[in-house]
Amino acid sequence: MVMAPTVKVVLGSIAFGIFWIISVFPSVPFLPIGRTAGSLLGAMLMVIFRVISADDAYAAIDLPILGLLFGTMVVSVYLERADMFKYLGKLLSWKSRGSKDLLCRICVVSAVSSALFTNDTSCVVLTEFILKIARHNNLPPQPFLLALASSANIGSAATPIGNPQNLVIAVQSKITFGKFVLGILPAMVVGICVNAAILLCYFWRMLSSEKDVEVAAAAAAEVIAEEDVTSHRFSPATMSHLSSRSSQDGNLVIQSIIHSPSVKGDYGHAENLRSRLSHSENDIQMVQSAASEGAESANVADELKEVESTVRVHEMREEGMLRFARSGRQRNGMNGRFSIHTSEDKEFPIERWKRLLWKTCVYLVTLGMLISMLLGLNMSWTAITAALALIMLDFKDARPCLEKVSYSLLIFFCGMFITVDGFNKTGIPSALWDFMEPYAQSDSIGGVAMLALVILFLSNVASNVPTVLLLGARVAASAANISPAEETKAWLILAWVSTVAGNLSLLGSAANLIVCEQARGAQHCGYNLSFFSHLRFGFPSTLVITALGLLLIRNY
């Protein structure tokens, strides 16, 4: 592509530079407006500077990508309501055998959930849960947070719906869902295993200094049991509290009996019992005030015993009335006042079964969406259809669920599409690729290595989604000159490297930032994951996993 006029090149570079700075540093001091507003600002400047026309700007917005992204976000919202991520969290702690076992589980669970429900969603849901597990077992949070973020990025590379850049690649390359998964799945599996091994080696000493979880749990249980026993011991010093509580409990029981649907019209005995309880409470207070005024201890003790026995008699009567009311629900009375089952008895099981049926339908719809994508149906419309099916199955106003969709992310994509398209029209990306193309061919080991280094660099400098938009068509066109199989392989290499590149630094992917911010803002168990602590692990891990994955990517 020929370079555009100098004025257009300069103005387009300024607009793209502003977009890049705000995207990488959303809280930059001179313009802290955030990524979404930054992408719209870049798009607006491209149109104002006449780098791109208004019609071309609208045409640059890729609606299939937005539709696929919207559909998967809605499905993720309903999966969260259906407790899918709650079950994944329970899987982490189920019969855990220590910190090393927990770390390996986090790697596997975060990878699988990210491949199916996007890496950002998995990190949002699982971060605080992992922090609570680490805090409960007195474990250092750092290795587990790094395991979550890095494995989420690696796992999301395996499917077109795992992350935004894969959505772009799947739509632009028209690679089927099944071929995409088969091409990257071996690299993902090996990458997760290697990532877990690196984490274990890096944090072995830190994880080996853990306390015995079972002993700690047993000690905690003993403390709870001791506190429970102490709170139920009778003592004159706590007499006022106990008697007041007993009186309140008695009134609650009587009130429940009076308003019970099984008892109708017979209020006399209940009111009498209530008045007796109030008299007994007054007697207790009078006796305590007399004791505080210096009455003889023997008389006070006798009166305390007498009042205590009165309260116990009333409590026994309460219990008898409660049992009588309960038994009346299970038999027919002489005058038909009692029924075998009440609506209250039926309500809980019915609601429970409705909830179970709804959750099963959500899982089946999600499974149907994945199967349809594997069969080669249009991914955007398949995701939107699944989202609408879940909305109709919910059979209520969908606004609360739709409000949880990240519309700011969709707007960010719209602005980014326009900004990147405008920068492409300056001719700078084409000129840079023309210089690198002879050294970055996908049919040789050296070419693949050079291509991977370029993608790694740009993904951490310009972020992975803009990198895919800038390089995707050029890399594919260069590989297509060799063979159609090489074109598909080039797209898969771009998907793998641009995704794993997010593990190199804390700013490499949104999933890393989500884990960092969620951990910092967690209540009672917050943790600050610093940039350099992530870089010390992420840099060598990214290089090793990227290289191994490139050897395993195949075009099936």
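Visitor: How many aromatic pairs does the count come to?
Guide: The count comes to 11 aromatic pairs, where rings of Phe, Tyr and Trp (its six-membered ring) pair if their centres lie within 6.5 Å; planes under 30 degrees apart are stacked, over 60 edge-to-face, and the rest tilted. One of them is phenylalanine 16 with phenylalanine 423, stacked at 4.2 Å centre to centre and 10° between the planes. This is a predicted model, with pLDDT of at least 70 needed for local features and 80 or more for side-chain atom pairs, while totals for chains, interfaces and linings use all residues. Residues are numbered from 1 along each chain as its sequence is written, and side-chain values use heavy atoms, without hydrogens and water.

Visitor: Which helices hold phenylalanine 16 and phenylalanine 423?
Guide: Phenylalanine 16 is in helix α1 (residues 6-24) and phenylalanine 423 in helix α19 (residues 407-425), so the pair ties together parts 407 residues apart in sequence. Helices here are DSSP runs of H or I, at least four residues, numbered from the N terminus.

Visitor: Are those two buried or exposed?
Guide: Both phenylalanine 16 and phenylalanine 423 are buried, meaning under 20% relative accessible area with a 1.4 Å probe, protein chains only (over 50% is exposed, in between partly exposed).

Visitor: Which residues do ring pairs link into a cluster?
Guide: Phe16, Phe19, Phe412, Phe413, Phe417 and Phe423.

Visitor: And what does phenylalanine 413 contact, leaving aside neighbours within four places in sequence?
Guide: Its contacts (heavy atoms within 4.5 Å) include Ile65, Leu66, Pro164 and Val465.

Visitor: New topic: where is threonine 467 found?
Guide: Threonine 467 is in helix α22 (residues 464-480), and its relative accessible area is 1%.

Key: Helices (H or I, at least four residues) and strands (E, at least two) are DSSP runs, numbered from the N terminus.
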